[in-house]
Amino acid sequence: MFELKEVALIYETKKQALAALKSTDLKIEKGEEVGIFGPSGSGKSSLLFIMSTLKEPSRGEVKYEGKELTALTPSAKAELRRKEFGFVFQEHFLINHLTVRENILLPLKEKRGARKRLEEITTALGLNKLLKRFPYELSLGQSQRVAVARALIANPKVVFADEPTASLDDENGSRVIELLKSYCSKSGATLILVSHSSEIIGDFRRRLRVENGQVYEVGVNA
Amino acid sequence: MLKYMWLYLKRRPGRILVFIFVVALGVSMSLVISSIFLSFGETRSRIAKINESWITVQYVSESGRDESIDSSLIQVFEDVFGLSDVIPVDIAYLGYNLFGSARANFPVYGIKQTEISRMLRESNAYIAEGTVFAPGTNEIIVSDSFLRASGLDLENVYEEISEMSSKGLYTVVASLAGPSVFGLGPSGISRGKGSFGFLVFAEEGFLIAVENELRLRIIGEGLPVSIEGPVSSRETLERQYASYYLGVFLTNLFVALVFIIALTMLNSVSIRERRKEYAILAAIGHSPGSLKIRLFLESLYQGIAGWILGLLAGGAVLSLFEDRFFTPNGLYIGDSAVSSICTLFIPFTTIVLYQILIGRHLRRDLVGLLKSSEERVGLLKNRFRNVGLPWLQFPLRSDGYRSLFVNIIAFAVLLTVFGSLLSSLTDTVRDSGWLFNRCSYIQTSELEELRLPEEISSKSTAVLPADLLDSDVKLMFGTTKLFIPVVSTEHSRLLSIFDEDPAAGTLYVSRSLFDLIVNGSVRGLDYSSMEVLPSLESHAGVLVEDRIESDGLLVLYDERNLAGEIRRFASEIGQVEVVDRKTFELKIRAETQFMELISSIIIYLQFFVVIIIGVVTVTRVTLARRSEISIRNILGQRRDEIGLLFFGELLLVLLTGAAIGYLLATVCWQIFRSVFLQGLYVSSIVVPETLFRISVMTVIVLLAGVITARYLISKQDPISIIER
Ligand SMILES: Nc1ncnc2c1ncn2[C@@H]1O[C@H](COP(=O)(O)OP(=O)(O)OP(=O)(O)O)[C@@H](O)[C@H]1O
Ligand SMILES: [Mg+2]
């Protein structure tokens, strides 16, 4: 599904150039469950951004289902993100003046008929009572769950999750992870999840460790 | 402290410079505007100042000096004063237009050549250029400011007695420099018809006492003379300039308001942007008090910098204006110290308002500040959460749009109120001739019967004997003349404005003239009762009397070009005065020149400021939403979709704001007018220029917002939009 060849991401600041991601080769198959971990600042988010078309790699090529991503126009990328990708971010990125409900429905182009899906997801995430609130009236954990709901509402084929449990307690954290996993296994979607700790992704079938901009296979769980 | 501010300056130079620039603009504008106003006062007071050099005792005569008055006066002088001495003079009053605002009259004293040096000494003047006049000629010496003003072309000079300008009336042979405006010429200057009398000189410090004493004596004798000296000149000045000072005050107040509102808008946007910074500073242990002091000093420095810059710029503009505008119009620039200090009002009020705004924010809990969430208090509390109109809901809920919305409402209000106020000033003069759109008044100077030629009387709808009253109407800036025809009951129906037979002795007036008269703004009308006649518009009035000692005719017509024919006929038979549409057209040109200058300065200035602030606000509002743009883009909304969304929202906010502001202002203006400015007349509710200006403002602000949004969207990838 994803195929990265010699991909690098270099941040050019005024004084120096910093390689957030060094020449990386990576292949991810459809329906895989990939956990990425590594120390802070190692380049995990950068890797995710590149795969999800949010950033252009400085070098190398990224293929998604055989299509070269870097060759797509911005609107084609946007279309792709809307139709096939779902995102949960480290910073939850909710829009402040939209209610929780409006935030969750944001990725849907056709908002009619989404009621059932919305109810399903919000029940699973325990958000039912929060739908009319605004993001600044939520706790961080609640915001994170809203972000998860938003990522799943449009039935994406790939879910990118960057530290989705960062601000959740253990119980809620594992609930979110379980939800993401069960969604993916049920719908055959690919899950690419980043976490700083290897514990959370301990039982992921495939695990990648990122260190200093380099990606290492840790091994495949049975 | 300084370091903190230096850091802020380094990080956000644009914001600080915009603020300083707007303060400076406001300060310099109000300085220039009040200087223009005050220069009229200054110039007139220099004309009046001549009365501080000597006392003028004078009477009007059609046939030279009046022996009996002269001898009584000399008797009075001899009786009373050993301290003073007296010379006989005759006086011609020359008048010229002070940049169209009003006539300025100054005296030219007809004296013996031998008195010239005495006159110069007493008035602290000297001959700057030229030769001394020769006896028995029409040569005069006049103040150089007057000469500069009319460019030595005496066509614009009026001889006050005959109220006309005639070429070659006088020859100027020299110019005077000094603190006051006056002229000197050979005795006999008023050519047997005009003002005659005496100039009374007194020792240093005795002039006021002498004037008071003379007044007592001369009034006691019942002589038909007028006395002017330091005391009366001060009184005249106070009476004459009351309305000027009101004008200066109001104009400056309005200008200041525009800027204060604009600057406060800037401040409120800036506070919104810096909330997080305050919260962090407070969280690491700065007390709200110390934060307030810090921000107070910050705004104080900015305000003072802007003020100083504004004074410098205003001074520069004034000195530029001096050669181009003041001097060529015979105006003096007054002392600007007072107006300079008055301009402090702008930065001062802004700083105070800023402190209040900050206080409100700092009183909030830190977490709220940190989260940069909107404070929902008072009127705005939850107001927009469940607005019934879904299309208005989104834009109003987002923080930034709210300030833009308020901005636009305020600006539309300003544009509308100013537009109406200023157009009402010129409308009044323009439309005071409403009655004369369809008639001409012809007056003979002699008592001979006036016969209209057949071609005129056949084309007119009616011809009736009439008289003409003229009265002065006090306007906000200066006065204007109003002409009111007097007709007899017998002929009044010919006017076809009455539904019933009018009553003798009644003054029939339009609604707005009624208000003006009730307010005491009209002088010189004599009537026994007054009635509002709905068929009269604008400032029109007709006085109906039993019988009139008519020496004029009122010619009514439907064809407008008859006015021209009547004028031509009148000039052919000579010595006839005509009042018709043209009179008012000329009057408008002369009298509104000044108002229009001031109005256009104010209108364009505030228009300019409003647009700057609008653009700044919309840019910042849009920039503040970059994370939203980015999120939408990440979630798969295409860039053109987002662009369209922003365009729609901005359009909605701006149009609604502009409409609300316009309606609000129209209502407020009507109330304001009926309470404070009764009788002020506006020819239409919707001033097209106002609507045009509001639309232009809306479009420019909208464009600025859309361009900013486009700029953000055009960024390479969605992540870097947030990371800016
Ligand atoms: N906009 C930027 N400009 C310059 N350097 C950047 C930028 N964004 C990230 N970096 C650097 O790139 C490197 C990788 O960043 P990245 O966000 O991918 O790390 P991460 O593994 O996600 O860390 P964390 O676990 O803390 O989220 C870091 O060293 C970071 O400092
Ligand atoms: Mg990261």
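1. The structure is a predicted model. Distances, angles and areas quoted here should be read as computed from that prediction.

2. Who lines the ligand site. The residues around ligand 1 come from chains A and B, so the site is shared between chains. The shell counts 14 residues, and those that come nearest are S40(A), G41(A), K44(A), S45(A) and S46(A).

3. Where the shell comes from. In chain A, β2 (17-28) and α1 (44-51) each supply at least two residues of the shell around ligand 1. The largest contribution is that of α1(A), which gives three residues.

4. Sorted by class, the residues around ligand 1 are seven polar, four nonpolar and three charged.

5. Polar contacts of the ligand. Which atoms of chain A lie at polar-contact distance from oxygen atoms of ligand 1? One is in a side chain: an N or O atom of S45(A) is 2.6 Å from an oxygen atom of the ligand. A polar backbone atom of G43(A) lies 2.9 Å from an oxygen atom of ligand 1, and a polar backbone atom of S42(A) lies 3.2 Å from an oxygen atom of ligand 1. Taken on its own, ligand 1 has 640 Å² of accessible area, and the protein covers 68% of this.

6. First helix pair, chain B. Two packed helices are described by the angle between their axes and the distance between the axes. For helix α2 (residues 13-48) of chain B and helix α8 (residues 288-326) of chain B, the angle is about 40 degrees and the axes are 7 Å apart. Angles under 35 degrees would count as roughly parallel and 65 to 115 as roughly perpendicular; α2(B) and α8(B) are therefore oblique to each other. The crossing of α2(B) past α8(B) is right-handed. The contact of α2(B) with α8(B) involves 19 nonpolar and nine polar residues, and no charged ones.

7. Helix α3 (residues 67-80) of chain B and helix α6 (residues 207-221) of chain B cross at roughly 135 degrees, and their axes come within 11 Å. That angle makes α3(B) oblique to α6(B), since the roughly antiparallel class holds angles over 145 degrees. As it passes α6(B), α3(B) makes a right-handed crossing.

Notes. Residues numbered from 1 in each chain as written. Chains lettered and ligands numbered in written order. Predicted model: local features only at pLDDT ≥ 70, side-chain atom pairs only at ≥ 80, totals over all residues. Heavy atoms only, no water. Axes fitted to C-alpha atoms, helices over the stretch in contact; angles between N-to-C directions. Helix = DSSP H or I, 4+ residues; strand = E, 2+ residues; numbered from the N terminus. Left-handed = near helix turned anticlockwise from the far one by under 90°. Nonpolar A, V, L, I, M, F, W, Y, C, P; charged D, E, K, R; others polar. Near = heavy atom within 4 Å. Polar contact = N/O pair within 3.5 Å; in protein donor to acceptor, adjacent residues only side chain to side chain. Areas by Shrake-Rupley, 256 points an atom, 1.4 Å probe, with all protein chains shown as cover.
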